[in-house]
Amino acid sequence: MAADKEVLVFAEQREGVINPVTYELLGKGRELADKLGVVLASVILGSQVDSAAAELIYHGADRVYLYDGEILADFDLLNYKHNMVKLLRETQPEIFLLGATHWGRSLGARVAAALGTGLTADCTGLDIDKNGNFVQIRPAFSGNVLAHIRTRTRPQMATVRYKIMKSLKRDTGRKGEIIKKEVELVPSLIAILHKEKASDINIADAEMIVSGGAGLKKAEDFALLAELAGLFGATVGSSRPPVDSGWIGREHQVGFSGNTVKPRVYLACGISGSPQHLAGMRESDIIIAINTDPSASIFRIADYGIVGDLYIVVPRLIKSIKECRR
Amino acid sequence: MTTGLKIIVLVKQVPVMSQVKFDVDRGKVDRSSADVEINPFDLNALEAAVQIKEKTGGSILAISMGPARAELALRDALARGADRALLLRDRKFAGADTLATSYTLASAIRQAEGFDLILTGEKTVDGDTGQVGPELAEHLDIPHIAHAYKLDVSDERLVAVCDMDGTSYTLEVGFPVLVTVTKDANTPRLSTFRDKVKARQVAVEVKSARELAAVADAAKFGAPGSPTWVHRVLIPSAEYRKGRIFTDSVDEAVAEIVTEVFRPYHR
């Protein structure tokens with residue numbers, strides 16, 4: 001086994017498709033590994049994922065550990081955990097990064113507890129300070145605070161928020177080694193009876209979002225926002241109050257854990273801008289806010305703000321856009 | 001299920017988040033001015049436990065780790081349907097990160113008289129890590145299911161539906177198991193005045209680090225047992241964008257936005 005030090009990135013995949021957060025982790029991992037002068041490794045567990053393993057090299061990994069087994073095709077918590085813990089005991093990386101997805105958080109926590117090491121949740125920044133220490137930055141208290149966290153044990157583990165780090169450009173000229181590892185099987189204990197796509201809404205990846213908040217008067221009024229969104233193939237989003245009222249599904253909620261968005265255009269209709277909501281959308285390229293209350297927090301981060309009633313402004317926007325297209 | 005399940009519910013007392021103040025200049029978080037409550041997600045865990053108990057019989061033990069005033073959270077849990085309550089309270093538990101917290105909880109649970117099911121919220125509103133549940137399951141060497149929004153118990157098996165990053169999974173597992181639940185799992189019931197009076201008659205058991213040390217390594221409690229530490233805290237000043245804010249002319253605003261922002265999207 002390689003005795004050289006590593007930064008290790010967990011490559012999350014489902015049915016052979018790599019979760020894009022993995023490429024962002026490889027981009028950041030490359031930078032950290034270079035600063036520390038160590039190898040960037042990645043680990044992928046799955047069934048028939050050879051081509052996926054090559055993608056990890058094209059996106060920056062020097063070395064890929066590949067576990068191929070049918071049981072690993074879908075999420076099998078205890079088999080993933082068992083093989084990951086074994087690898088980490090063997091290779092003893094300096095740093096181990098996972099995506100802050102449901103899966104990454106669940107698996108990461110089990111692995112960290114098994115190894116007795118520290119795990120920092122949902123990081124939005126990672127760096128090596130001037131003394132060579134690994135610093136993990138995460139928002140706390142609904143994004144009002146940025147905590148800088150350090151870890152005294154190894155590996156230093158972190159889950160990292162999606163859409164924050166930058167991935168490297170895919171380069172098929174990049175070279176690296178793929179090390180096939182033997183899968184050790186343990187009882188699964190948890191059986192998958194059924195699975196289905198919860199919805200086609202993937203708000204985190206939306207290019208344009210039209211969101212509604214407490215300024216909406218009833219569930220049906222989301223149709224107005226949907227009409228505007230429909231003009232651009234945009235996704236309808238929501239702040240927390242309409243979701244809590246059951247007017248729209250939680251998968252539409254911006255600012256809910258995991259649902260950080262970074263669209264080109266974010267249009268907030270009747271959203272005052274709670275810290276959670278702002279933390280979930282502040283990275284949008286262009287922010288447009290419509291609100292009757294001129295002191296609403298959302299205006300502080302808006303590129304365009306309209307103090308007015310969304311029931312007047314949104315229909316005018318729709319009309320004007322349609323006229324432009326005539 | 002004739003004998004019923006032994007259920008443990010983990011609750012954390014958290015500050016009411018909207019009341020926490022932030023001092024930008026001094027980089028300080030002031031929680032002292034905030035009221036405290038049971039972590040809202042833990043109320044869903046408690047409600048799930050009560051519903052299972054109503055169906056199968058059994059018992060509910062609520063456990064919390066925290067300072068003396070966390071007894072209030074446990075009183076609330078008793079009023080909402082827990083049968084017994086245990087508070088892990090000791091200065092030596094203070095400053096614990098998720099690893100030390102889960103280790104301490106695991107030590108107390110090992111010392112308790114056995115369990116079939118552990119329920120807790122998918123995360124807490126103050127720490128927001130979602131790690132303590134899965135880490136605890138690992139310490140206890142039992143499987144866990146995270147983010148469950150539907151739960152059903154039958155024939156010594158538990159079936160849970162959970163969201164895994166956009167796909168819903170229906171999972172089946174035997175006992176013992178740990179499950180973390182989301183806000184969509186149920187609507188927590190309110191406790192009545194009578195419930196509260198009744199809850200006052202139940203003694204909250206308290207355990208210290210010394211009592212747990214019989215089954216645990218006390219060096220793994222609290223800050224000394226925590227591999228992570230907060231090196232510094234930054235309170236970013238509120239962000240501003242130099243936006244164009246239209247206060248009295250919707251027409252002008254619409255015209256400018258349609259031209260400046262949406263023009264590239266006009267087919």
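This is a predicted model: local features need pLDDT of at least 70, side-chain atom pairs count only at pLDDT 80 or more; totals for chains, interfaces and linings use all residues.
Begin by selecting chain A and colouring its two parts separately: domain 1 covers 6-181 and domain 2 covers 203-325. The C-alpha centres of domain 1 and domain 2 of chain A lie 33 Å apart, and where the two domains meet, seven residues of domain 1 are in contact with seven residues of domain 2. On the domain 1 side of that meeting, the residues divide into two nonpolar, three polar and two charged.

Stay in chain A and select helix α3, residues 77-91. Its 15 residues should span 21 Å at 1.5 Å a residue, and because its end C-alpha atoms are 21 Å apart, the model agrees with that expectation. Show the side chains of α3(A) and look for its buried residues, which include Leu77(A), Tyr80(A), Met84(A), Leu87(A) and Leu88(A), and also Asn79(A), Lys81(A), Asn83(A) and Thr91(A). Step just past the helix to Gln92(A), where phi is positive, at about 45 degrees.

Next, display both chains and select the residues that bring them together: 66 residues of chain B are in contact with 72 residues of chain A. Among the elements of chain B that each supply at least two residues to this side are the helices α3 (98-111), α4 (132-140) and α7 (250-260), together with strands such as β9 (144-154), β10 (157-164) and β11 (167-174). Coloured by class, the side of chain B that touches chain A shows 35 nonpolar, 16 polar and 15 charged residues.

Zoom in on strand β13 of chain A, residues 190-197, which pairs with β11(B) in the antiparallel sense over seven bridges.

Now select the largest nonpolar core, which has 168 residues, and in which Val9(B), Ala62(B), Leu74(B), Ala77(B), Leu119(B) and Ile145(B) have the most contacts. Domain 1 and domain 2 of chain A each contribute at least three residues to this core. Centre on Val9(B), whose contacts beyond its neighbours within four places in sequence include Ala45(B), Leu46(B), Ala49(B), Ile60(B), Ala62(B), Ala77(B) and Leu119(B).

Finish at Gln51(B), in helix α1 of chain B, residues 40-56. Is Gln51(B) buried or partly exposed? Gln51(B) counts as partly exposed because it has 17 C-beta neighbours inside 10 Å, whereas a buried residue needs 20 or more. Draw a distance from its C-alpha atom to that of Val153(B), 102 residues apart along the chain, and the separation is 10.0 Å.

Technical notes. Residues are numbered from 1 along each chain as its sequence is written. Chains are lettered from A and ligands numbered from 1 in the order in which they are written. A nonpolar core is a set of buried Ala, Val, Leu, Ile, Met, Phe, Trp, Tyr and Cys residues joined through C-beta atoms within 7 Å. A residue is buried if 20 or more other C-beta atoms lie within 10 Å of its own, exposed if 12 or fewer, and partly exposed in between; C-beta atoms are placed from the backbone. Domain bounds come from an automatic or database domain assignment. Helices (H or I, at least four residues) and strands (E, at least two) are DSSP runs, numbered from the N terminus. Ala, Val, Leu, Ile, Met, Phe, Trp, Tyr, Cys and Pro count as nonpolar, Asp, Glu, Lys and Arg as charged, and the others, Gly among them, as polar. Two strands pair if DSSP finds at least two bridges between them. The expected span of a helix is 1.5 Å times one less than its number of residues.
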